[in-house]
Amino acid sequence: LRIKSIRIGVYEVDTWYDAPFPEEYAAVPEGKLYMCEFCLKYMKSPFGAERHRTKCTTLHPPGDEVYRDGNISIFEVDGRLNKIYCQNLCLLSKMFLDHKSLFYDVEPFLFYVMTEVDANGAHFVGYFSKEKRSPKDFNVSCIMTLPVRQKSGWGNLLIDFSYLLTLKEGRYGTPERPLSKLGAIAYGRYWQLAVYKVLRNA
């Protein structure tokens, strides 16, 4: 791997796959990349990251806040209006998804970014994307939760929100196929829990 880990917020996360960052990032010191958890700008050094932190005024993803429950917020980000943010989001997710192929053509997509909010801002947790106009009624193109945030119910919340969004739009929806290995596990767990809740309340 060219980039072996990323520092995002308070977390240092080992990467799983290579992502097509610009060539100048092929040999970052110690294989560590620094990423702002609010604007997703990426940097090669702790000095650059610290300098950016003192100047960056962004405290949440761009776009509209479309969901809030306590300290959990989800923002709808338009790939056409916020191209660089969405491209950086795709590069981030590629480091944890083996099948990820969308990096730069983000304009036809909407991105739903889930955050955990405190006094310091809205901290990135995960996201899913979907086509603005899907001829096959796919309601999710890609879904990813940071590895350090997995196994805490965040993925289920993202999937649940994708179906609620589809319901509000008056459509049927299904995730884009084929599912990745991790995607299949996540959706399997989601539907097991959904069926259990129905049977329990029957």
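I looked up L182 and found it in helix 4, residues 181-200 (helices are DSSP runs of H or I with at least four residues, strands are E runs of at least two, numbered from the N terminus). The model is predicted, so local features need pLDDT of at least 70 and side-chain atom pairs pLDDT 80 or more, while totals for chains, interfaces and linings use all residues. Residues are numbered from 1 along each chain as its sequence is written, and side-chain values use heavy atoms, with hydrogens and water left out.

I noted L182 as partly exposed because its relative accessibility is 41% (buried is under 20%, exposed over 50%, partly exposed in between, with a 1.4 Å probe and protein chains only).

Next I traced the open sheet: 5 strands, order 5-6-7-8-10, antiparallel pairing (a pair needs at least two DSSP bridges). Strand 5 (64-69) and strand 10 (142-145) are at the edges with a single partner strand each, so one side of each has no neighbour in the sheet. The twist averages 20° from one strand to the next (axes are lines fitted to C-alpha atoms, for helices over the stretch in contact; angles run from 0 to 180 degrees between N-to-C directions).

I checked strand 8 (residues 121-131) and found 4 bridges to strand 10. S129 stands opposite C142 in strand 10.

Last, I looked at helix 3 (residues 154-168), which lies across strands 5, 6, 7, 8 and 10 at about 50° to strand 8 (contact means heavy atoms within 4.5 Å).
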